[in-house]
Amino acid sequence: MPEIAQKPPLKVLLCSPRGFCAGVVRAIDSVERALEVYGPPVYVRHEIVHNRFVVESLRRKGAIFVEELAEIPDTDAPVVFSAHGVAKSVPAEAAQRNLFVLDATCPLVTKVHREAEIHQRRGREIVLVGHAGHPEVVGTMGQLPGGAVTLVETLADAQRFAPRDASKLAYVTQTTLSVDDTAQIVECLKSRFPAIVGPHKEDICYATTNRQDAVKRVAPQVDAMIVVGAPNSSNSQRLKEVAEREGCPRAALLQNAGEIDWGLFGNIKSLGITAGASAPEVLVEQIIAAFAERYNVDVASVSTADESVFFPLPRALRESEAAE
Ligand code: SF4
């Protein structure tokens, strides 16, 4: 009988919560429901959520992804706005072209848009803490006329920011930032400008906070950490940074099992796994299966919070459900 090589043991700690948040579920369900109700094609402005797997599966069902409305022909087909939100100019352009819009902007992003508008109505100059070029930041800055919002990306930006009038100042934040970095930036703004007005906590959403907390618990206990998510997913990038800061020697952001670098993960005893808010659970399962081919895996869940947040579909889709 040939000798069967023993697989080495691997303890896998699964972070919980991980993966899809309520805003992502709502956005994906909006496209799927629109495809069911109205039939293909359904146009989607920008990747509905930052995940290639999700985008490709919706594309196969008849979704057409565009970056700008100008790419959409005159049509009765629905146009879905992504979870990241859009600048005011986008719905205005859609209305002018009579496009049928289904807005899948996450309600927690919309909340930040409304905060910014209220600050401006009260005569405050607004600082947005966030990352330049991210679609959510483009959308939030685009709620107000050019120049009304100043973007602060780093602590250094906060240290040199010079307001027009320090007594009339407010801040809002992107929803998917590092909790710790943002706390430092906000602290700096508050100490330089004591009259600055802001949200009760920052605007970082519950899902971002919870996923970072779970990584903080797991990362110090493992030899390596995998974050399942896309490179353009802000909250996934932050999870990898959190793992590194918590002292995990090997942390990687991977889109799928095919990207596992076995030079990095081939000789470990423990592994932490999490997934960004836009990464489906099936990708986590595939990564565990890939490790199970090389290791004798023992999977345990490490939970730091329970999540029960749910956002209803956009109204037109809710009404179509009620009519059935
Ligand atoms: S990460 Fe947060 S803000 Fe973004 S879609 Fe999810 S719940 Fe909404």
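Reply: Here is the cavity, its lining and its ligand. This is a predicted model, in which local features need pLDDT of at least 70, side-chain atom pairs count only at pLDDT 80 or more, and totals for chains, interfaces and linings use all residues. Residues are numbered from 1 along each chain as its sequence is written, and side-chain values use heavy atoms, with hydrogens and water left out.

The whole structure has one cavity of 30 Å³ or more. A cavity is a set of points, on a 1 Å grid over the protein atoms alone, where a 1.4 Å probe fits but cannot get out. The largest cavity holds about 310 Å³ of space; the volume is that filled by probe spheres set on the points, joined across faces, edges and corners.

Its lining has 27 residues; lining residues have an atom within 4 Å of a point. C21, V24, H84, T176 and N235 lie nearest the centre. Two or more lining residues come from each of α1 (22-38), α4 (107-121), α8 (206-218) and α9 (234-245). Helices here are DSSP runs (H or I, at least four residues), numbered from the N terminus. By class, 14 lining residues are nonpolar, twelve polar and one charged. Ala, Val, Leu, Ile, Met, Phe, Trp, Tyr, Cys and Pro count as nonpolar, Asp, Glu, Lys and Arg as charged, and the others, Gly among them, as polar.

The ligand takes the space of this largest cavity: more than half of its atoms lie within 2 Å of the grid points. Around the ligand are C21, G23, C106, L108, T175, T176, C205, Y206 and A277, each with a heavy atom within 4 Å. That shell has six nonpolar, three polar and no charged residues.

How values were computed: On a 1 Å grid over the protein atoms alone, a cavity is a set of points where a 1.4 Å probe fits but cannot get out, and a pocket is an open set with protein on both sides within 12 Å along at least five of seven lines; lining residues have an atom within 4 Å of a point.
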